[in-house]
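The structure comes first, and the notes follow.

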Amino acid sequence: ETSAKIIDGKSIAKQIRDEITVEISRMKDTVGVVPGLAVILVGDRKDSATYVRNKKKACESVGINSYEVHLPEDSTEQEVLTHISGFNDDPSVHGILVQLPLPSHMNEQNILNSVCIEKDVDGFHPLNIGRLAMRGREPLFVSCTPKGCIELLHRYGVDIKGRRAVVIGRSNIVGTPAALLLQREDATVSVVHSRTTNPEEITRQADIIIAAVGQANMVRGSWIKPGAVVIDVGINPVEDAKSAKGYCLVGDVCYEEACKIASAITPVPGGVGPMTIAMLLSNTLTSAKRMHNYK
Ligand code: NDP
């Protein structure tokens, strides 16, 4: 029986954070610049609060200054825009992140559009996504989760050029940019979504699968071509009586089955999740370097 190599996102993310720490301290010593990340959180969603807390902790661990604004659920869109505008003008801030989802009374598009593209470390501004889609154009930033997926493929020496890739999911923040990135890397890419007929048959043709759906264990072993590389972005809580919290987190891919068929696979947790944060730190450092013309 074969068993897939486990793509250890946690340890690669640690390696990347160590590299970033060294670069930040060198930049501080030579030009006196400390990168800064501003995070705007609106409302009291527990998951969002956890993500923001983790991002802040990660910033501290590498030497990035973090500035957090926490606004109540019933804030107005204008209040959020005012904070963004302040951060856009603040030279000590090199990255601005608006934690999604926003309360439903706010227009997400307006808010994401208002982050200046030079500080759009989440890569959600339409100009950055548009440039990602264009031949011969470079986005200033690429969204952290898809970038983390590709970084894992690179660091594990997975060939992308000329291979068949399937991305399951087409959200603006994960699926679509992941597909665009794979295409930029010269893969032949198919995108599977909720209206796809026979997703199993299409997925089975892939040498590389990126699953970003939000459906626990949806991708079964039978969907996977023997030897394929599987990147599982999904984070889905499922009931688990054995856990103290009463639930555990699983991916979009049925891990037990996939392990026996894939050549390599990311676990959940410990795969893509830690890479997302590492890429956010990396984008913030890149931004500070670019603004200060520091190589
Ligand atoms: P969205 O809900 O925005 O998008 C889900 C996508 O999956 C949509 O394009 C949808 O299709 C598609 N989809 C839904 N059901 C099916 C189905 N049965 N068959 C095929 N496609 C389907 O989710 P996100 O992209 O934001 O997130 C996806 C997952 O990744 C979630 O579990 C989320 O928690 C996780 N995530 C993890 C991150 C990390 O750091 N590891 C970061 C961000 C997200 P359609 O477009 O047709 O509706």
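The buried residues of α7 pack against α5 (126-133), α6 (144-155), β5 (164-168), β6 (188-192) and β7 (208-211). Packing here rests on contact, in which two residues have C-beta atoms, placed from the backbone, within 7 Å. This is a predicted model: local features need pLDDT of at least 70, side-chain atom pairs count only at pLDDT 80 or more, and totals for chains, interfaces and linings use all residues. Residues are numbered from 1 along each chain as its sequence is written.

**Helix α7**
- The buried residues are Gly175, Thr176, Pro177, Ala178, Ala179, Leu180, Leu181 and Leu182.
- Helices (H or I, at least four residues) and strands (E, at least two) are DSSP runs, numbered from the N terminus.
- Just after α7, Asp186 has a positive phi of about 70°.

**Ligand shell**
- The ligand is surrounded by 25 residues, the closest being Gly169, Ser171, Ser194, Gly214 and Thr276; a residue is near a molecule if its C-beta atom, placed from the backbone, lies within 6 Å of it.
- Helix α10 (residues 272-291) gives the largest share of the shell, 3 residues.

**Asn113**
- Asn113 belongs to helix α4 (residues 108-114).
- Asn113 counts as partly exposed because it has 16 C-beta neighbours inside 10 Å.
- Leaving aside neighbours within four places in sequence, Asn113 is in contact with His125 and Pro126.
- Asn113 and His125 are 12 residues apart in sequence and 5.7 Å apart in space, C-alpha to C-alpha.

Conventions
A residue is buried if 20 or more other C-beta atoms lie within 10 Å of its own, exposed if 12 or fewer, and partly exposed in between; C-beta atoms are placed from the backbone.
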